[in-house]
Amino acid sequence: MSTAAPAHSMNPAASARGLAVRCRNVVKNYGTGQSVVRALRGIDLDVYEGELLMLVGPSGCGKTTLISVIAGVLDRDEGECSVFGRDYAQMTSAQRTRFRGETIGFVFQSYNLIPTLTIAENVSVPLLLNGLNRHEALRRANDMLAKVGLGERVKDTPLRLSGGQQQRVAIARALVHEPRLIVCDEPTSALDHETGHRVVELLKSVAMSGNRSLVIVTHDNRIFDFADRIAHMDDGQVDKIVGSAKELYGPNMQPGSPA
Amino acid sequence: MIRTFLIPLLAIAGMLFGIVVVIRSSQPKPPSAPVVQPPVSPFTVRVAGSGIIEASSENIAIGTPIGGTVDKVDVRVGDRVKPGDVLFTLDSRDLRAQLAVREAELAAAQESLKRLQSMPRPEEIPPAEARVEAAKATLEDLQNQVAIMERVQDPRARSEEEMSRRRFAVLVAKGRLDEAAAALSLLKAGAWGPEIQIAKAQVVAAEANVKQVQTEIDRRIIRAPIAGRVLQVKVRPGEFASAGALATPLILLGAVEPLHVRVDVDENDAWRVKAGAKAHGYLRGNRDIQTPLQFVRFEPYVVPKKSLTGDSSERVDTRVLQVLFSFDPKDLPVFVGQQMDVYIEAPADSDKPSVHSTRGEASPATESPK
Amino acid sequence: MYWLALKMLFNDKAKFFGIVMGVTLASLVITQQGSIFVGILGRTFGVITDMNYPDIWVMDPKVQFIDDTKPLTDTKLYEVRGVPGVASAMPLYKGMIRARMENGLFQNCNLYGVDDSTLMGGPGEMIVGKLADLRMADSVIVDLEGATDKLAKPNPVKGGPKIPLKIGDTLELNDHRAVVVGICKGSRTFQSQPNVFTTYSRAVTFAPRERKLLSFVLVKAEPGENLDELTRRITERTGLAAYTANQFKMLTVNYFLKYTGIPINFGIAVSLGFLVGTLITGFMFYSFTLDNLKFLGTLKAMGTGDSMLMRMILLQAMAVGVIGFGMGVGIATLFGVSMRETQLAFWLTWQLLVVSGGAVVIICMLAAMLSVRKVVALEPAMVFKG
């Protein structure tokens with residue numbers, strides 16, 4: 001199993017680059033004793049630099065748990081998980097927090113924008129966490145918002161924006177401090193097809209510069225086309241890693257059909 | 001932006017308001033400063049007391065020996081007097097009338113004495129002598145007739161009866177002459193001695209009467225007993241001045257150079273005052289009017305203190321030792337009767353904490369200092 | 001981040017108002033009730049405050065508070081004067097006297113007799129007239145309260161306002177005639193009786209007959225003299241109790257604290273204010289934190305450390321604390337100032353601000369502690385649970 005990831009790789013270009021995420025035999029259990037839920041049962045997964053990896057699979061398959069482990073917000077029980085060569089297990093909680101703030105950008109299903117702040121302020125949060133002063137942080141946040149097409153609305157609060165706009169703000173927030181890894185949890189599930197498509201398009205076009213890596217958890221097969229690789233999970237294990245949606249579901253798969 | 005910060009601004013304003021009010025209300029009130037500065041003791045270890053200025057002769061309350069209506073007041077308050085100067089006179093018209101009577105009586109006595117002394121009257125002597133001469137002449141005539149008759153021997157011419165009648169006539173004439181001569185010598189002898197003595201005694205008695213009335217009159221003229229100053233005149237012409245000790249003296253007299261200060265020292269502090277101690281007095285109401293005081297003496301009897309309240313019945317609250325000090329009133333605008341705050345220097349060793357009872361008035365009477 | 005924390009707080013208007021209201025309520029109740037409490041206590045020693053000329057008050061050792069006069073013999077004054085370090089000592093008569101009003105009613109007054117010559121201890125702030133006018137025959141000075149209310153003359157028109165006393169009016173004090181020569185400012189007394197000032201010798205003639213009349217000896221210390229030392233020396237030498245003005249105030253206040261129900265009443269009010277404020281603030285703040293929990297979790301996931309989050313919450317708590325405190329103090333002060341002309345006792349001291357501020361800090365800390373516990377326990381992984 002330890003060599004499974006490279007073996008399944010359908011992207012030779014990616015294999016030439018360095019590893020962004022390296023998971024080996026990652027196990028995560030919730031609860032104890034009789035009621036134990038084995039969420040991850042030995043995951044081996046690599047994410048390469050400059051790669052857009054989608055994690056797909058049925059509900060309860062452990063996608064969210066895995067991405068939490070990768071993002072460093074959840075401790076795995078067994079195995080090894082390192083991001084850019086650094087193993088979370090070797091870091092203190094404070095180091096892990098700082099590492100997250102510096103290295104990882106987050107996009108959430110429900111955007112998680114702070115409704116009492118303007119979108120510029122929301123976007124400036126990662127910069128502030130990295131020690132920039134307020135003025136500089138706001139300036140860069142405005143620039144980033146302009147890049148996602150919201151330069152006119154920097155003073156608005158998130159609730160005055162549409163869902164797609166909010167998610168764009170979230171993307172801006174995830175990117176503004178130029179993290180090397182971006183994790184997205186169901187970025188399109190609250191959006192209609194058209195908007196979701198545009199959001200992922202934007203995400204890919206803005207984020208995929210340099211050798212930044214994206215991990216997107218989704219069950220929205222309409223956006224599978226954007227993936228470099230797709231890792232399919234079931235019952236706490238990655239059962240296959242494919243290069244495209246066609247490989248996963250066969251050629252007769254129609255966009256919009258349930259995953 | 002302004003809306004966002006309205007509440008915090010309001011809050012800051014509220015806090016500032018509170019602080020301002022705190023500062024304003026914690027500012028001390030203007031001190032109830034004394035209108036005049038109180039005196040400050042020149043001595044570190046001292047006894048304080050209140051003193052009353054009095055004359056060095058002590059204040060002499062002039063009285064009258066006899067009650068009577070005042071006729072005339074000869075002095076005014078503040079006058080300086082010599083011993084014997086008339087202060088005031090009582091009405092003495094009754095005595096003056098009496099004096100006239102007495103003087104008349106004296107004159108009468110004197111005149112009757114004079115009359116006795118100037119006897120006999122010279123005008124009475126010649127008639128008496130004349131009467132002697134007349135009696136002599138009558139006798140000689142009768143003797144002549146008898147002699148003539150005897151020379152007649154004729155019995156017829158000479159009647160025996162006639163003869164004896166004539167002889168008796170001579171005897172009578174002789175007797176008349178003797179009588180006249182005796183009357184003359186009586187006349188010439190003048191008044192009888194004892195009578196003169198009586199008259200003299202009457203004169204002396206009359207003189208004494210006059211003097212008595214004069215003395216009475218003089219007693220109604222009140223005079224200064226010493227040299228000094230009239231401090232108070234409480235008597236005016238027409239008023240009745242009663243004899244005896246009065247609450248308000250008719251006239252208050254005292255020697256004012258030097259003045260004395262009678263200082264009341266609380267019996268608890270009395271032991272700390274030594275004879276000859278230095279002292280300094282400050283006039284009530286102006287501490288700039290001050291003078292060093294010379295020790296005069298202690299009043300050896302500790303008296304009950306009177307609160308100087310001016311109340312009609314003053315309250316006794318404790319006993320005080322009175323100490324007399326003197327000072328030269330020159331250049332000091334002070335008056336007898338004014339109060340002074342007096343500080344008396346006490347020996348340094350008397351400053352040790354004394355063993356007072358908690359309540360001062362319970363302590364026993366203080367010993368009289370030497 | 002701190003700035004964002006504040007903006008998060010301020011922009012959540014409903015919650016923000018709620019929390020600030022809670023703190024405001026607490027600080028308002030504490031400050032206002034405290035001020036009234038201090039005001040009432042302050043009235044007990046208002047005379048000592050007003051008469052701030054003397055450094056030391058000398059009295060009978062058994063005196064428990066200012067109105068508890070146990071007169072001394074007059075010569076005690078001179079004993080005190082004899083104590084080294086005493087620059088001057090003046091008598092003060094303090095007693096009650098009945099004034100007969102024109103309409104036949106009687107009014108109890110506080111009568112003060114100050115030294116005849118220096119008038120030391122007389123009222124400091126004259127509104128009309130001069131202190132020196134006390135030297136005039138039968139003269140008295142009446143405080144403003146008395147002149148305008150308690151001792152004022154009844155209006156000849158029925159129901160009309162009382163006619164305030166003015167200079168030249170006469171009073172009948174214990175069957176003695178007294179002429180008003182001045183009106184002074186004075187602190188209201190605890191029993192709200194008018195204060196009448198006159199000279200010592202006149203006071204003792206006005207006063208009911210007693211053997212001893214010297215209530216207090218007012219001492220001015222020599223410059224540079226240690227007052228505590230001097231009070232001890234006076235006590236040693238004379239056997240009398242000597243207190244500095246502040247000690248005498250404390251003596252009086254302690255008496256009232258010990259023997260009246262005042263502190264209990266106000267203690268209950270202040271505790272209620274504190275309790276209600278704490279509950280409202282704590283609840284609202286906790287609810288604010290819960291509302292924001294998702295975002296706090298997001299921040300935590302995005303790399304905000306626990307200590308930073310804690311400081312943000314503390315800052316928010318402090319912000320509502322400062323704002324609520326400011327509002328409460330402001331409202332309480334406004335209340336006090338607007339009531340200045342009434343009978344109400346209101347005295348805001350810096351100690352009260354400190355106490356009220358301290359209470360607010362405690363309230364905010366309690367509220368923040370709940371929230372901090374919640375946030376520290378927060379798993380950042382929760383952000384990925386749709």
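A crossing of two helices is left-handed if the near helix is turned anticlockwise from the far one by less than a right angle. In the predicted model described here, the crossing of helices α3(B) and α4(B) is left-handed. Helix α3 of chain B spans residues 125–151, and helix α4 of chain B spans residues 160–189. The two axes lie 8 Å apart and meet at an angle of about 160 degrees. Because angles over 145 degrees count as roughly antiparallel, α3(B) is roughly antiparallel to α4(B). The contact between α3(B) and α4(B) comprises 18 nonpolar, three polar and eight charged residues.

Chain A has 259 residues, of which 49% are buried. Its secondary structure consists of nine helices and ten strands. Among the contacts in chain A with a separation of 6 or more, 72% are between residues 24 or more positions apart.

Chain A also touches chain C, in a contact that takes 27 residues from chain A and 22 residues from chain C. On the chain A side, at least two residues are supplied by each of the helices α3 (63–71), α4 (93–103) and α5 (119–129). The most is given by α4(A), with six residues. By class, the side of chain A that touches chain C contains twelve nonpolar, eight polar and seven charged residues.

Conventions
Residues numbered from 1 in each chain as written. Chains lettered and ligands numbered in written order. Predicted model: local features only at pLDDT ≥ 70, side-chain atom pairs only at ≥ 80, totals over all residues. Helix = DSSP H or I, 4+ residues; strand = E, 2+ residues; numbered from the N terminus. Buried ≥ 20, exposed ≤ 12 C-beta atoms within 10 Å, placed from the backbone. Contact = placed C-beta atoms within 7 Å. Axes fitted to C-alpha atoms, helices over the stretch in contact; angles between N-to-C directions. Parallel < 35°, antiparallel > 145°, perpendicular 65-115°, else oblique. Nonpolar A, V, L, I, M, F, W, Y, C, P; charged D, E, K, R; others polar.
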